[in-house]
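Here is a short briefing to read alongside the structure. Keep the 3D view open as you go through the points.

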Amino acid sequence: MHLLSCEHITMQYDGRNVVNDISFFVDPGDYLCIVGENGSGKSTLMRGLLGLKPLAGGNVIFGDGLRRQEIGYLPQQTAVQREFPTSVEEVVRSGLLNRCGMLPFYNAAARKRADGIMERLELTELRRRSFRALSGGQQQRVLLARALCATGKLLLLDEPVSALDPVATADFYALIRKLNREDHIAVIMISHDIQAAVKQANRILHLDSTLRFFGTTAEYLQSDVGHAFCEA
């Protein structure tokens with residue numbers, strides 16, 4: 001059974017279809033990049049997967065024991081996020097809330113999980129630092145650690161490198177690739193950079209409100225839509 005399956009997903013804004021009859025799947029260990037031009041429905045689709053926006057039609061089906069609240073989500077970073085007046089440790093631990101049932105404290109197992117993730121992402125030495133004092137690349141790594149606290153199976157990343165410089169971008173891509181390959185965490189990432197997407201992912205979903213392409217990266221590179229966008 002697939003980790004996640006979408007069957008004929010349709011989503012609307014103001015009565016207009018912005019995602020129209022989209023079907024695809026993600027298997028354990030997959031790295032899927034969602035690409036397409038601005039306004040093609042990428043972020044809307046991701047919000048539908050998370051249950052943050054209702055579907056107008058279709059179904060999202062979870063397999064392999066995955067529950068929606070166990071998906072790790074890294075949204076596009078905003079100015080408000082960059083100014084979190086709290087420590088790195090507190091930001092990372094906030095990703096545990098679903099696991100702790102919204103209790104006003106973290107139990108020992110939850111704290112141990114957060115500590116392990118901070119060590120995995122080389123954040124231990126920064127744990128007492130103010131989040132807003134960090135560089136953009138460090139902040140994004142902290143927010144990724146927060147997302148990982150929620151999941152061991154699936155990460156959803158919405159244009160995670162859009163505000164990063166080239167060095168930080170390369171480091172972040174390498175980290176996601178490591179989590180995908182070594183920790184076997186499936187990844188769904190929205191990217192505005194098709195050239196980078198085809199280097200990172202094993203599957204591509206190309207949207208333009210409707211489905212332009214879904215398949216392996218090799219198949220995408222041989223397709224008409226892949227030729228048109230990768231050689232543009």
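Are helix 5 and helix 6 roughly parallel to each other or roughly antiparallel? The model is a predicted one, and in it the axes of these two helices cross at roughly 20 degrees. Angles under 35 degrees count as roughly parallel, so helix 5 and helix 6 are roughly parallel to each other.

**Helix 5 with helix 6**
- Helix 6 covers residues 166–182, and its axis comes within 10 Å of the axis of helix 5.
- The crossing of this pair is right-handed.
- From helix 5, the contact uses Gly 137, Gln 140, Arg 141, Leu 144 and Leu 148; from helix 6, it uses Ala 168, Phe 172, Leu 175, Ile 176 and Leu 179.
- Sorted by class, the residues of this contact are 7 nonpolar, 2 polar and 1 charged.

**Helix 4 with helix 5**
- Helix 4 (residues 108–120) and helix 5 (residues 136–149) have axes that come within 10 Å and cross at roughly 140 degrees.
- That angle makes helix 4 oblique to helix 5.
- Here too you will find a right-handed crossing.
- Arg 113, Ala 114 and Ile 117 of helix 4 touch Ala 145, Leu 148 and Cys 149 of helix 5.
- This contact between helix 4 and helix 5 has 5 nonpolar residues, no polar ones and 1 charged.

**Aromatic rings**
- The whole structure holds 3 aromatic pairs.
- One aromatic cluster is formed by Phe 24, Phe 25 and Phe 214.
- Take a look at Tyr 13 as well: Lys 53 lies over the face of Tyr 13, at 4.0 Å from the ring centre.

Definitions and conventions
Residues numbered from 1 in each chain as written. Predicted model: local features only at pLDDT ≥ 70, side-chain atom pairs only at ≥ 80, totals over all residues. Heavy atoms only, no water. Axes fitted to C-alpha atoms, helices over the stretch in contact; angles between N-to-C directions. Helix = DSSP H or I, 4+ residues; strand = E, 2+ residues; numbered from the N terminus. Parallel < 35°, antiparallel > 145°, perpendicular 65-115°, else oblique. Left-handed = near helix turned anticlockwise from the far one by under 90°. Contact = heavy atoms within 4.5 Å. Nonpolar A, V, L, I, M, F, W, Y, C, P; charged D, E, K, R; others polar. Phe/Tyr/Trp six-rings, centres within 6.5 Å; stacked < 30°, edge-to-face > 60°. Lys NZ or Arg CZ within 6 Å of the ring centre and 35° of its normal.
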